[in-house]
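Subject: Structure handover

Hello,

Here is the structure we talked about. My notes follow below it.

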Amino acid sequence: MGASDEPVLEARNVTKRFPGVLALDDVSFAVRPGEVHALVGENGAGKSTLIKIFTGVHQPDGGELRYGGGPAAFATPMEAQRSGISTIYQEVNLVPMMSVARNLLLGREPRNRLGVIDATRMYGEAERALAGYGVKADVRRPLRTLGMGAQQMVALARAISIDARVVIMDEPTSSLEPREVETLFGVIRRLRDDGIAVIYVSHRLDELYQVCDRVTVLRDGRLAHNGPMAGLARLQLISLMLGRDLNEVRASGATRFSRDHDAIATGEPVIEARGLTRRHVLREVSVSVRPGEVVGLGGLLGAGRSETAKAIMGALPLDSGEVIVAGLPLRRRSTATAIRAGVSLLPEDRKAEGIIPNLSVRENIVLASLPHLARGGVVSDARIDEVVDAFIRKLRIKASSPHQKVSELSGGNQQKVLLARWLAMRPKVLLLDEPTRGIDVGAKAEVQALIDELAEEGLGVLLISSDLEELAEGSDRIIVLREGAVVGELSGADVTEEGIMASIADHSPSAPPSTTPADHPSRAEAHD
Amino acid sequence: MTDSKVFPAHKVPAVRAAGAARREHVGRLLQQHGALIVLVAVVIVGSFAFDFFATAGNAASVVVSSSFLAVIALGMTFVIISGGIDLSVGSLFALGGVLAAYGSQAGVVVALLLPLTVCGTVGLVQGLIIARTGMAPFIVTLAGLLGVRGLMLAISDEGATTYLVKDTAFARLGQGELFGLTYPVYIAAVLALLCMLLLQRTGFGQNVFAIGGSEHAASLMGVPVVRTKVLVYLMSGLLAGLAGALNAARLSSGVTILGIGLELDVIAAVVIGGTLLTGGAGSVTGTVSGVLLLGVIQSLINQVGDLTSSFQQVVSGGFLALVVIAQRLLSKAQRIT
């Protein structure tokens, strides 16, 4: 749409080397004004490196960077930004403690005649700017009091407001709700019509087809494909990203879940949560998982999925409700109790709540299970090595050695390290909160395959995922939450994307909250 | 709190967000003005309990003796908000005094310029090392603390030589009075106002908050991280030197044994004033309240009689612990919301 021919930003045969890795190998990429250009690839494909070269974080070792028709070099992010290249990142890179307005306008605050910041005008400007993005928040409050979606919008508003000619979006939708995604797409289309070039990085294929004009696929640091988005079949795109044979991808589908999920697991639930209630957060949520069963938690952001997992784990204070693991109610509500009983939670935010970046893969894996491995308080190195090696092999963790720092691994491998940490505890139940968020297609498929394997081995799995396809294909049974309450349960042939959406959308109060226990007598028993 | 509704509460329904917002608001209020509230309370209680307390003379003496600490604490406020710490200020305070007394032989201009130049340079160098090499501020300024004290002992022959302030114009700067208060009080007040403006209403101030809140995010947002950090330590050095010079003018001599452990009092005052030790939040008004609170407590304890002045440290230590615990609880409450 109105894209002119001259690229505004271009990388010509760019090469970037890091110690031991050739991150970019002779890659060319060009984006034109008024074009939304998808940049896709697995983790380690070189997307982030290319973006960091465009934004002045890294300098290319070879090749040429061109901007606005001439050669360019950005020594710092500030320089790139000043020249009109704005970036919004997957993780909101703003200052949580500063007010919304100050974050939005940092560096370009309106001044009064004396040259000092005019607070009144600043707040007014910020409010007006945000209104265009569907955000109506008190701009005086600290940024962190907003939800992730709103924070992302603030970051976006900031990025665009600095007279950008190129806007780079690195997985901008990973924490947005569907409605917010629509707003974002509206903004992107507006940018395109204004002749701004957009580089759009995302793992969500639907989005690429919705907003992007062209696509560049990187694989292993090389250019794998470059062409218009329209006419490129989904499977073709996936196979380009994965570098796998098209037929193979078709056979396995987009996700890697392969188990026959129509078989309904029987037997006593390994975990049963009953009537979890916390004022304004959860209302009488009951969930049970049998050994070998994957139970999905469906619902929109804010429906109470993560909160349910946290409540089961004892990490969320409850007004009422109980959790029974393998027939025994948890007496005290604490994470330590839950872990001892055999429940493990893979948290949503692996950066903040999971990995310890400066420790090695080995240390991260055995961190929680050291007490198990110890004899008389002493842990044998050989024993640890054994456990660590076993998990690295089993989970196919790609690390140069067990002693590599976790922070150096890709997102998918970090996730696997976390998974290994909890598996090392030999849990009976695994609560997975967005296990594949922010990791690339290949690693995603591997994690999905792992979930299957673990369930085969008899683990009970509670799966939370915003990816409907993943949820539908990975779960045996799905419990749908809305506004903190169970609004439906799907099992057998009903476990489909359409089924989940219908259940979420169904507003009639008659939607059977079928897992809400009708069996009050048994509850009374458990209390005794 | 309609805003929380329009922007659908992310993890929680809107009703809870409204309550949480109110709690958060109260929390922030407490953090920002807690020291002021306690200060007012202590003053009121002190006035009723002790006759000597609520006198103009006593108030003046508290304000006067707090003014030097206040000047240093202003610089420290910027340092701590930026996520750093400056341990060298106690030594710089002493060095500033000695250099001022030494320089006063050549008149008031030299008496002021010499300490400012030297202490500013020390601050600048520390800032450059911290900002450019990424070394921990704690270590760099600890080195500064030791080095500067050594330097000062060297120029004063291990403290054997005490320079006296000869210049009367310079002495007047520390001793002159206006409406019953010495000049340093007014200087501290003007500096506090300037710092308030600098922190709240200039790009530099915003950058300091941004760096302390998240250095990574700040650099991605185009904040000149290195320059801002260097300026912050430069400022801290300058203010410590100035406080030392003013104090020398008051005492009419450059005393070498001053300022030992002073950096800790300064940090205590700043933190009691609600500035987060982890950076990213704080205020000049809070720091001024913190300084005055410490001064008032000292005055109370000194005059109650039975207690030695050592108890002042016990009390301020206890206070500091309370404040840090309160900050911790507040930030925890805020995280949950």
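In strand 10 of chain A, A:Pro228 is the bridge partner of A:Arg214. Strands 9 and 10 of chain A pair in the antiparallel sense, over 6 bridges. Pairing here requires that DSSP finds at least two bridges between two strands. The two strands form a hairpin with 2 residues between them. In that turn, A:Asp220 has a positive phi of about 50 degrees.

Some ground rules. This is a predicted model: local features need pLDDT of at least 70, side-chain atom pairs count only at pLDDT 80 or more, and totals for chains, interfaces and linings use all residues. Residues are numbered from 1 along each chain as its sequence is written, while chains are lettered from A and ligands numbered from 1 in the order in which they are written.

**The sheet**

Chain A has 20 helices and 20 strands. Both are DSSP runs, numbered from the N terminus: helices are H or I with at least four residues, strands are E with at least two. In chain A, 6 strands form an open sheet, in the order 6-7-8-3-9-10. The pairing is mixed. Strand 6 (85–88) and strand 10 (222–228) of chain A are the edges, and each pairs on one side only. From one strand to the next, the twist averages 15 degrees.

Strand 3 (residues 36–40) of chain A runs parallel to strand 8 (residues 197–201) of chain A, joined by 4 bridges. A:Ala38 stands opposite A:Tyr200 there. Strand 3 of chain A also runs parallel to strand 9 of chain A, again with 4 bridges. In that pair, A:Val40 stands opposite A:Val217.

Strand 9 (residues 214–219) of chain A is largely enclosed by the rest of the structure, because 5 of its 6 residues are buried. Buried means 20 or more other C-beta atoms within 10 Å of a residue's own, with C-beta atoms placed from the backbone; exposed means 12 or fewer, and partly exposed lies in between. Of the 528 residues of chain A, 51% count as buried.

**Helices across the sheet**

Helix 5 (residues 148–161) of chain A lies across strand 6 and strand 7 (166–170), at about 175 degrees to strand 6. Helix 6 (residues 178–193) of chain A lies across strands 3, 7 and 8, at about 145 degrees to strand 8. Angles run from 0 to 180 degrees between N-to-C directions; axes are lines fitted to C-alpha atoms, for helices over the stretch in contact. Contact means C-beta atoms, placed from the backbone, within 7 Å. Among contacts in chain A between residues at least 6 apart in sequence, 69% join residues at least 24 apart.

Best regards

Terms used. Contact = placed C-beta atoms within 7 Å.
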